[in-house]
Amino acid sequence: MNKTGKKSWIAYLYILPMIVLSFVLVYYCIIDTVVVSFTDWDGMTDVFHFVALKNYIKMFKDHVFWTSVVNNLIFFVGTVFIQALLGFVLAVLLKKKLPGSNVFKAIYFMPIAMATSIITAIFRIIMDPTNGALNQFLRAIHLNGFAVNWLGDPKIALVSVIIVNIFQWMGFSMITYYAGLMSLPDDVYEAAKIDGAGFWRTTFSVTLPMLKGTTNVLIILGIVGSLKTFDIVKLLTGGGPGRSTTVMNTYLYEKAFKDFNAGGAASIGVAILIIAMVMSFLQVKFGKED
Amino acid sequence: MKKRWKRCMALIMAAVMATAVVGCGSGDNKDSGTQGASNEDVTLTFWSWLPTNDQSEEMINEFEKENPNIHIDYTRTEQDDFFEKLQVAMASGTGPDLYGMTTGSMMNQYAKFSVDMKETADQYWSGWEDKINSNAVDQCTTEDGTMAGMPLLVAGMTTLMYNKTLMDECGIDKVPTTYDELKDAAAKAKAKGYVCVAAGAADDWINSDWFIQASNEFENGAVYEAEAGKRKWTDQCFVDTMNAWKKMFTDGIFEDGALGVSTYPDARDQYFFARKAVFFMTGSWHLGPTSSSSSEIQGTEIGNKGDVIGMEPFPGVSDSGEQLGTSGVDVMVSMNKDCKNKEAAMKFIQFLADGDGQQYWVNYLQGAPVSNDISYTGTVDGELQQQSIDDVNKYVSNAAGSRKLSNSEIETALQVAMQNVAAGADPLKELQNVQKTADAQ
């Protein structure tokens, strides 16, 4: 074996642990899920039969599945853009080094470090229509019309879930934008100042375009994040009232654990996987451009 | 030297990785619950949602005192989470020796993992059939005749826990028995700033339990015929039941936003125990708080104020005003086919179903006994508690039928329909969706 051959052999050995881990923990599970999606396995016993595309045909005809897809889409639009906007505004304000900005930075970032189960338990109490702090506050300031049934009204429940999600993840957008802002060169701002640009002009014509890469990454991460949404919905509303907050993952879970239909659940899982792969492709594409 | 070191590190990392992977797969085959002959020390694993944490320590200590060579390793999980945990454990072959179970669809699903309780009981517990309520045993038997578990407690739906102190304050003279009386009580409670009935309509299970119970008041037995495909879910009695359900929301019987409130802990703790609701919609298993010494209400607002608590059947919602409940085995215990110490396991089952464990549960007012030889022997905390126990037991013993459906997909469709109706949807249209689910099977 020549010297180059030896070197490449050692290089493969270095990545071997990761390859083995990835295969065992990720790729094997994906392959197994795809196989299960063509069966009528109940998720418990060793007995199953191959049913070809039956699970997929049933899934495409299932109006609950499509409701969950639409809910995922609304969730994505509602969270990603508002989250990015609020994160950007906060990052710009924090960069101004106003008094107490470090304290606020920690406060805004804190929900990310909190478990979703804790956040949802607190919000269930806060959003209680009768005894909850939110409605009591709204009534106290005479905004009775806004004191709604946050988690119990099918027209509002998904919005409430989006609000809680934004509360939890806004700090991530803020810190990402803040890191991006800190890396921008000062001379660009000095040049803008010499040219007479004010705060708004600088923000829209200098800061935002220079943070395009950060925004793209946040949007793509948001898409993938919304596809993975499960815990916050399960713990806040359980997918109800009715089907108003059912997303793909909660529906998959219901199929697997309530209906004992692991084959049907796997077909939903494969659908999520395909959407996630398309999104990952876009992420790579955007990453290359920026 | 540097290259050799790098190569060594790479080899060590690969070896560590391989060991870790092999280690993951090898598993720990030690299963304490499956070791030992009858005279040796045995540990049995037991998973369930009942007994509660409050109850389990005392019950299990008592059993272990009676059977010093048998140790119970008990894991309690809330009911919904319990079934998810159990499903994963059973699928991977790591399930417990004994596990709590409900009748209906869950029992049918898990029967294939459980021993035939009749065969096992015949072997290790002579005369058990004379001691255990035969109706309860029937409910624990699948269609193919397998007894999937031993019944432990019987409970009924729907009951109304009431705060007598608040009723007096609101001028509500008696516990409502008809819908009109309930509506009148709601107006009086609202006038005093209280919620009438705290209900956790965010919970699927209590909604479908209510529907099954209330539909029997409109037409006794129709709901079971519909489940069996012998009649349509769009029949008038079901439309009437859905309309009655809708009125609970539109007439202000339930709290505003009940669809976003769970039964436990929200409706119970934040409304009824917090002294913000006069009534609480629940089942017969919740008779405990009718005693002022109940540990459940200690430290709560109603406990601190010394309010008088009672329980009565839920008011009749049909025009006839008849109050007709449902009942069923609330919890049964199944034995894993892999359990190797069945004799010890059966001793614990006997303790729970016919021994001191059963007596403890019954005295705790957790449910009605399945043992023919056991009845409530606890102290009765005044006339009101006695009346509550008598009225609720009578309601449960005269029940129209089972509390649960055995078809999980129809039950889910019904639950979704009920939440949609509560949110304003048309009852008939929603019932048509339930019928579609039934037709698709």
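**Close-up views of a predicted two-chain model**

**View 1. Pairing of β5 and β7 in chain B.** In this predicted model, L160(B) has M281(B) of β7(B) as its bridge partner. The two strands concerned, β5 (residues 159-163) and β7 (residues 277-282) of chain B, run antiparallel and are joined by four bridges. Helix α13(B) packs on the sheet and touches β5, β6 and β7 of chain B. The direction of α13(B) makes about 165° with that of β7(B).

**View 2. Pairing of β5 and β8 in chain B.** β5(B) is also joined to β8(B), in an antiparallel arrangement with five bridges. Within this pairing, M161(B) is placed opposite M311(B) of β8(B). Strand β8(B) is mostly covered, and five of its five residues are buried.

**View 3. The four-stranded sheet of chain B as a whole.** The strands of this open sheet follow the order β6-β7-β5-β8 (chain B), and their pairing is mixed. At the edges lie β6 (195-198) and β8 (309-313) of chain B, each of which pairs on one side only. From one strand to the next, the twist averages 25°. A helix that packs on the sheet is α17 (residues 382-397) of chain B, which touches β5 and β8 of chain B. Its direction makes about 20° with that of β8(B).

**View 4. The parallel pair β1 and β2 of chain B.** Seven bridges connect β1(B) with strand β2 (residues 70-76) of chain B, and the pairing is parallel. W47(B) has T75(B) as its bridge partner in β2(B). Strand β1 (residues 42-48) of chain B is mostly covered, with five of its seven residues buried.

**View 5. The two domains of chain B.** The domain assignment divides chain B into domain 1 (42-154 + 329-369) and domain 2 (157-327 + 394-439). Taken over C-alpha atoms, the centres of domain 1 of chain B and domain 2 of chain B are separated by 29 Å. Contacts between the domains involve twelve residues of domain 1 of chain B and twelve residues of domain 2 of chain B. On the side of domain 1 of chain B that touches domain 2 of chain B, four residues are nonpolar, six are polar and two are charged.

**View 6. The interface between chain A and chain B.** Here 32 residues of chain B are in contact with 30 residues of chain A. Four helices of chain B, α1 (2-26), α3 (79-91), α13 (263-272) and α18 (408-422), each supply at least two residues of the side that touches chain A. The greatest contribution to this side of chain B comes from α1(B), with seven residues. By class, the side of chain B that touches chain A comprises 14 nonpolar, nine polar and nine charged residues.

View 7. An unreviewed UniProt entry lists residues 12-38, 73-94, 106-127, 158-179 and 262-282 of chain A under "transmembrane region". In the model, residues 106-127 of chain A are 86% helix and 0% strand, and the end C-alpha atoms of the span lie 24 Å apart. Residues 262-282 of chain A are 100% helix and 0% strand, with end C-alpha atoms 30 Å apart.

Terms used:
Residues numbered from 1 in each chain as written. Chains lettered and ligands numbered in written order. Predicted model: local features only at pLDDT ≥ 70, side-chain atom pairs only at ≥ 80, totals over all residues. Contact = placed C-beta atoms within 7 Å. Nonpolar A, V, L, I, M, F, W, Y, C, P; charged D, E, K, R; others polar. Domains from an automatic or database assignment. Pairing = 2+ DSSP bridges. Axes fitted to C-alpha atoms, helices over the stretch in contact; angles between N-to-C directions. UniProt positions renumbered as here; feature names shortened; annotations may be inferred. Buried ≥ 20, exposed ≤ 12 C-beta atoms within 10 Å, placed from the backbone.
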